[in-house]
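Biologist: I have a structure open on my screen and would like to learn how to read it. Could you walk me through it?

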Amino acid sequence: MIEFEHVGKRYGGRFEALADVGFAVERGEMVFLTGHSGAGKSSVLRLLMLLERPSRGRISVAGHDITRLHVSQIPFYRRQIGVVYQNHQLLHDRSIFDNVALPLIIRGAAPQEARNRVHAALDRVGLLHREKALPIELSGGEQQRVGIARAVVARPALLLADEPTGNLDPQLSADIMRLFEDFNRVGTTVLLASHDLALIARLRHRVLRLREGRLVADEEAA
Amino acid sequence: MTRSQPPSRDSAPPRRGARTHQITAEGRSRAWRRHHRQMALDSLGRLRRRPLSTLLTMLAIAIAMVLPATLWLALGSAQLLDANLDDSARMTLYLDQGLSESQAMAVAERARAEAGVAGTELITAAAGLAEFQQRLGMEDALAMIDDNPLPATVLVQPQSRDPQAAQALAERLGAIDGVEEARLDMAWLERLRQLGELGRRIVLVFGVLFGLGVLLVVGNTIRLAVESRREEIEVVTLIGATHAFVRRPFLYVGAWYGLGGGLLALALLTLGRGWLSAPINAIAQSFGSRFELPGIGPGGSLLLLLVSTLLGLIGAWLAVGRHLAEIRPR
């Protein structure tokens with residue numbers, strides 16, 4: 001599903017965020033990406049979302065080389081992946097329903113079908129009853145679940161998450177992780193960046209460990 | 001990424017194989033129209049929620065549109081004058097005093113037969129006097145003169161507009177017996193034509209300058225709107241919005257600004273015309289003539305609205321385009 005070959009990323013020609021990183025994630029896998037802050041977790045995700053291009057190497061997703069994807073093709077590429085952000089990236093002037101519906105509106109889904117899918121996604125994360133609320137009226141954990149609902153509403157084959165439990169207490173974090181595992185169980189490939197080592201250890205999935213921009217360990221699922 | 005069957009309409013959670021969304025071409029064009037409709041209304045709603053700043057922006061556009069439009073109208077009336085002038089590209093043959101009416105007719109015939117003459121019109125001395133009296137309202141003064149002081153004249157319409165040919169023709173016509181003088185006032189005509197050209201260029205310069213002004217006004221306003229919705233743009237871009245999708249609401253805002261500004265400009269032009277027409281009519285009447293200030297007319301109104309809307313659209317496009325270029329991957 002994801003393939004990194006000798007990927008390097010420099011910023012401003014000096015700072016080397018990633019150096020010669022190579023790994024592959026199979027379709028249907030759930031993988032943790034871990035390391036201290038600044039180790040390169042976010043860079044890996046940013047490259048996968050095509051927010052940045054690698055300075056060296058090749059990245060392919062679902063068999064396609066995305067490093068040379070034309071700018072005009074990027075939106076269509078991004079529609080194939082769902083992304084969950086640490087800071088949720090919700091629109092604060094729109095209701096929960098509208099936030100979750102956004103990916104479908106961008107794709108041009110028919111209103112009735114969009115409504116069904118949004119309800120299904122909100123139901124999945126247990127927030128169907130809050131669809132009319134504004135993000136500000138929700139707790140941090142609830143906002144994160146809205147972010148997850150938005151990421152999965154269009155049923156992407158690949159789900160990326162950047163510190164999805166960063167600001168949550170252990171109980172809420174465990175709940176959120178269970179959601180990701182649920183989606184993984186039905187076939188979605190999941191790549192999660194997190195530095196919550198205790199949580200990662202409990203969950204027994206494959207772990208990619210980064211240190212100073214290099215991949216230092218690839219631990220298979222226990 | 002696998003593309004399985006079209007998505008089912010049920011609300012079941014994603015099943016194995018993680019379906020991606022598939023949309024038919026027809027559905028896509030329907031969605032496209034829906035989004036356009038939504039954005040048109042949504043952007044209008046945004047403008048209506050801030051009536052004062054909207055009005056100010058539109059007014060700025062209107063003012064920038066009014067000056068070139070006014071100049072354009074002024075040029076239009078000058079061109080009206082020019083059309084009359086083409087008529088007076090004719091030559092006038094002043095005949096000898098004291099020619100009888102039949103002699104004058106014979107001279108007109110001879111002139112008519114000259115090569116390069118398209119037509120002639122004889123104005124007898126009596127007819128000339130009558131017209132003179134009528135035009136100037138000087139019946140009383142002229143009645144005191146016993147003899148008709150005006151010569152008979154022949155108006156000659158040359159075939160060619162070429163100044164040199166006209167000059168040569170005038171010389172030949174002047175040599176005809178009974179013709180006192182053949183007059184062709186070329187220099188005056190040429191000067192007027194140059195003035196017309198100057199006017200056109202001035203309108204062009206002002207049109208371009210003020211058009212740029214409209215672009216700047218709209219561009220700057222839209223830039224602020226983009227700034228205030230930066231977060232939203234980032235989010236929708238992250239989840240796969242195309243540039244067209246991001247641009248759309250702002251283009252509508254720009255177009256509404258342009259259209260509103262154009263309508264205001266029309267209102268200002270109409271008001272201005274009403275305001276000026278009373279004194280101008282009074283002046284024209286005092287000269288015993290009628291002069292109608294040229295209005296912009298339906299065609300001109302449409303053109304004005306089209307141009308202002310287009311300028312709004314382009315201004316918005318440039319403003320959003322700059323922002324979109326900033327967020328492309330590096």
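Predicted model: local features only at pLDDT ≥ 70, side-chain atom pairs only at ≥ 80, totals over all residues.

Biologist: What share of the residues is buried in chain A?

Modeller: Buried means under 20% relative accessible area, with a 1.4 Å probe and protein chains only. In chain A, 59% of the 222 residues are buried; in chain B, the share is 35% of 330 residues.

Biologist: In what order do the six strands of the open sheet in chain A lie?

Modeller: Strands of a sheet pair through backbone hydrogen bonds, either parallel or antiparallel. Two strands count as paired if DSSP finds at least two bridges between them. Here the order is 6-7-8-3-9-10, with mixed pairing. Strand 6 (81-84) and strand 10 (214-219) of chain A are the edges, each pairing on one side only. On average, neighbouring strands of this sheet are turned by 15° against each other, direction ignored.

Biologist: Which of these pairs can I look up, and in what sense does strand 6 of chain A pair with strand 7 of chain A?

Modeller: Strand 6 and strand 7 (residues 158-162) of chain A are parallel, over four bridges, and Val84(A) has Ala161(A) as its bridge partner. Strand 3 and strand 9 of chain A also pair in the parallel sense over four bridges, with Val31(A) partnered by Arg206(A). By contrast, strand 9 and strand 10 of chain A run antiparallel and are joined by five bridges; there, Val207(A) stands opposite Glu219(A). Their hairpin has two residues between the strands, and Glu212(A) takes a positive phi near 50°.

Biologist: How do helix 5 and helix 6 of chain A cross?

Modeller: Axes are lines fitted to C-alpha atoms, for helices over the stretch in contact, and angles run from 0 to 180 degrees between N-to-C directions. The axes of helix 5 (residues 140-152) and helix 6 (residues 170-185) of chain A come within 10 Å and cross at roughly 10°. Helix 5 of chain A is therefore roughly parallel to helix 6 of chain A, a label for angles under 35 degrees.

Biologist: Which residues meet between helix 5 and helix 6 of chain A?

Modeller: Contact means heavy atoms within 4.5 Å. On helix 5 of chain A, the residues include Ile148(A) and Val152(A), and on helix 6 of chain A they include Leu179(A) and Phe183(A).

Biologist: Where does the record place a "transmembrane region" in chain B?

Modeller: UniProt positions are given in the numbering used here, feature names are shortened, and annotations may be inferred rather than shown by experiment. The unreviewed UniProt entry gives residues 55-75, 202-222, 250-276 and 296-320 of chain B. In the model, residues 250-276 of chain B are 100% helix and 0% strand, with end C-alpha atoms 38 Å apart. Residues 296-320 of chain B are 96% helix and 0% strand, and their end C-alpha atoms are 33 Å apart.

Definitions and conventions: Residues numbered from 1 in each chain as written. Chains lettered and ligands numbered in written order. Heavy atoms only, no water. Parallel < 35°, antiparallel > 145°, perpendicular 65-115°, else oblique. Buried < 20%, exposed > 50% of the residue type's maximum accessible area, 1.4 Å probe, protein only.
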